[in-house]
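Please look through the structure shown below, and then follow the account of its sheet and of some of its charged side chains.

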Amino acid sequence: RMFHDDELEESEKFYVGQPRVLLLIYALYNTLVARSEMVCYFVIILNHMISASMITLVLPILIFLWAMLSVPRPSKRFWMTAIVYTEVAIVIKYFFQFGFFPWNKHVDYTKDKPYHPPNIIGIEKKEGYVHYDLVQLLALFFHRSILKCHGLWDEDEKGDSSSNKGDTDDELSLTGGRRGSSASLKSVNLAASVESIHVHFPEQQTAIRRKSSSSISQLSHRSSFSSHRSKREQILDTFKNINHTTLSLYFLQCKLCVIKSHCGLCCFRTLQVYVPIRQFFYNLIHPDYSAVTDVYVLMFLADTVDFIIIVFGFWAFGKHSAAADITSSLSEDQVPEAFLVMVLIQFGTMVVDRALYLKKTVMGKVIFQVILVFGIHFWMFFILPGVTERKFSQNTVAQLWYFVKCVYFGLSAYQIRCGYPTRVLGNFLTKSYNYVNLFLFQGFRLVPFLTELRAVMDWVWTDTTLSLSSWICVEDIYAHIFILKCWRESEKRYPQPRGQKKKKVVKYGMGGMIIVLLICIVWFPLLFMSLIKSVAGITNKPLDVSITITLGGYQPIFTMSAQQNQLKSLDPNEFSEFLKSYSGNTAALQFLEGYAREDITRADLEGNSNSLWTISPPSRQKMIEGLRDFKADFTLVISWSIQRTLEEVYPYYIKAPSDSLAKPIKQLLKDCQWENITVSLVKNTSEEWWVLNQLGKRYKTDKKSLELFIFSDKVSPPSLGFLAGYGIMGLYASVVLVIGKFVREFFSGISHSIMFEELPNVDRILKLCTDIFLVRETGELELEEDLYAKLIFLYRSPETMIKWTREK
């Protein structure tokens, strides 16, 4: 073999023979070395998430607006800036840990205040103030060692020296080839315009530069027109030299202004900062080399994750909603302001990002990146702590949201650095024809308004001659053909021989699953309502039991309530004896099956009324006459509006449901007859009150009192209360009937769509749709109209459709 080396072969055998744990450690270390740059980014962001101060805010912004936008990699200047800044931050934090500073004397009082100045700046006194900064410094030194090992640490200095040499040559050409001296600088007429200066451009070597295109057609175009392209490259180099000449002229003017005035020094320092930044973003927007890529899908997924975090953790973005959840707030018809603002901002950024992606404008993406980076950091670290009244480092949901947003910033920076793709063809889920893409695509289309919104946005921000209805028609045809293509590919992978019956695995697997699903949908309300309270129900014991009794519509004679110690639960022995007392009563036992021991509460009410009986003498006389007339019925009004005569009037057992008024339980009464009570009027020297006593009490006491048993129904958990509140009929109307309508559409009306569903081969139609997307991206709008007309004619002509969809 060529290049055979025994030592290398022995080394390879030795490495392969190592334990798997050691090989895993080697692999992890190699991954760490290969991605040391990302490790530094992660540690810097993590340090800022935990510290959340102005000191740690600088480096994350520099990462997203400098390091990740640098081509091909961050420069040595950035890494040196990060290292020096981290070291200075450590020294500053250490210096302000001394106790003689005024704000360090009341640390326990001010440590949780988000707007306390030392907390905002990051100079507060705390334990472990420098731990993450040291880890960050260690990661930066580790990455510097990796760059030095590969010879990439001093690479930027060589590039800078060569660029400086080019700038010097341009300056020498301006001054007639003389070296820079004070005399030569003064002899230059700086008032002359750039067009009037004669600049000699040396002959440049032509180099083939790849613009933001990745198609094979460009390669053939480049080979056929190489001579014209070389001339164009010479012109581009000429304009580039003119640009360098202009910058050199600016610097020469500033240097002479320094000699004349101190204001010139300020202008010169400003230009020293402004010009490199301007040139950095100019080179970013107009790159010489562009390796186009498409990470919009990953950015969309990151935004979707952030959207989900906002929905399920919106309480972290509000002030007084720490114990709330979105279901309870929506069930009360209340939309929290913090939730609404965060959702609208998140949704708005997703729409703008889609527009920039369709327009393929790198400049717009750069501006959007700058605005979003500064806006998000200002909102999360300066506005949100004041809204929530807690520090960002104590808000776990906000930290998670910010971390996912940092992932989005990194992907956006990578998209800017590489450039947008030239062509955007179809949905990202339609790149492969398998079951995974099929079900994901169909799930994507089931999301309400998502398909429609995407189609309208694509039509607005894409150059086309089609109307909106025609655009939607093409999108619908393409989606339908893609679904058919996936089914046809699955039939090719898993063919079914002719004349053979379907396998039992398929029939019982697919058919059985559908049967179980349909049965569950039909019986879902009954199962849900029966299990939600029996299995997951929460005992809802009464807190207060009050009784008010009125005789014949006169002034209430008895008012009493039982609370706290007067409300007692039954112990196991009492509960068992209670059940034994109804051993022969089938109706009572059937009722008691739905209640456990903890659902029953015994209320002991005092027999003496807690209020004096105040009645006028005429009303009192009328009441006495009514009570003496035994032939007439005298009504007794109880607080739950049940009217009975004085005998068999007391409801011993009360059922307290969760959604209505308390009701008496007739199944537990003997012969469905209520209990008897005695009513007597006690009169003092000048006061009088009523005394009531129950005759047939289960737990007899010597004193005159009333005894009442309350059976409390279980209530559903708060998280499912919004669904259980509809009841059985509400669930049937809102869930079962709606789902049944969709299922019925799947099983009915199939005969009307046979000519569009049963297509043996859809490759030609799929290629026609793809061609429409392709000519639209290339700007051939007339050809787009012709192909669309061809597609419409194909669906209008069944005979042509049959010819196009035959097997090859």
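**A sheet and its charged pairs**

In strand E11, Phe711 is the bridge partner of Lys655. This is a predicted model, in which local features need pLDDT of at least 70 and side-chain atom pairs count only at pLDDT 80 or more, while totals for chains, interfaces and linings use all residues. Residues are numbered from 1 along each chain as its sequence is written, and side-chain values use heavy atoms, with hydrogens and water left out.

Strand E7 (residues 653–656) and strand E11 (residues 705–712) run parallel and are joined by 4 bridges; strands here are DSSP runs of E with at least two residues, helices are runs of H or I with at least four, and both are numbered from the N terminus. Two strands count as paired if DSSP finds at least two bridges between them. The open sheet has 5 strands in the order E3-E4-E11-E7-E8, and its pairing is mixed. Strand E3 (567–569) and strand E8 (663–664) stand at the edges with a single partner strand each, so one side of each is left without a neighbour in the sheet.

We turn now to the charged side chains. A salt bridge is counted where a side-chain nitrogen of Lys or Arg lies within 4 Å of a carboxyl oxygen of Asp or Glu, and by this rule the count comes to 19 salt bridges. One of them joins Arg354 to Asp458, with the closest N and O atoms 2.8 Å apart. This pair links distant parts of the chain, since Arg354 lies in helix H16 (residues 337–359) and Asp458 in helix H20 (residues 450–460), 104 residues apart. Arg354 and Asp458 are both buried, where buried means under 20% relative accessible area, exposed means over 50%, and partly exposed lies in between (1.4 Å probe, protein chains only).

Asp458 also meets the side chain of Arg454 in a salt bridge, at 3.8 Å from N to O. Because Asp458 and Arg454 are 4 residues apart in helix H20, about one helical turn separates them. A network of salt bridges links Arg354, Arg454, Asp458 and Glu475.

Another salt bridge connects Lys485 with Asp763, whose closest N and O atoms are 2.4 Å apart. Here too the pair links distant parts of the chain, with Lys485 in helix H21 and Asp763 in helix H30 (residues 763–777), 278 residues apart. Lys485 is buried, with a relative accessible area of 7%, whereas Asp763 counts as partly exposed at 23%.
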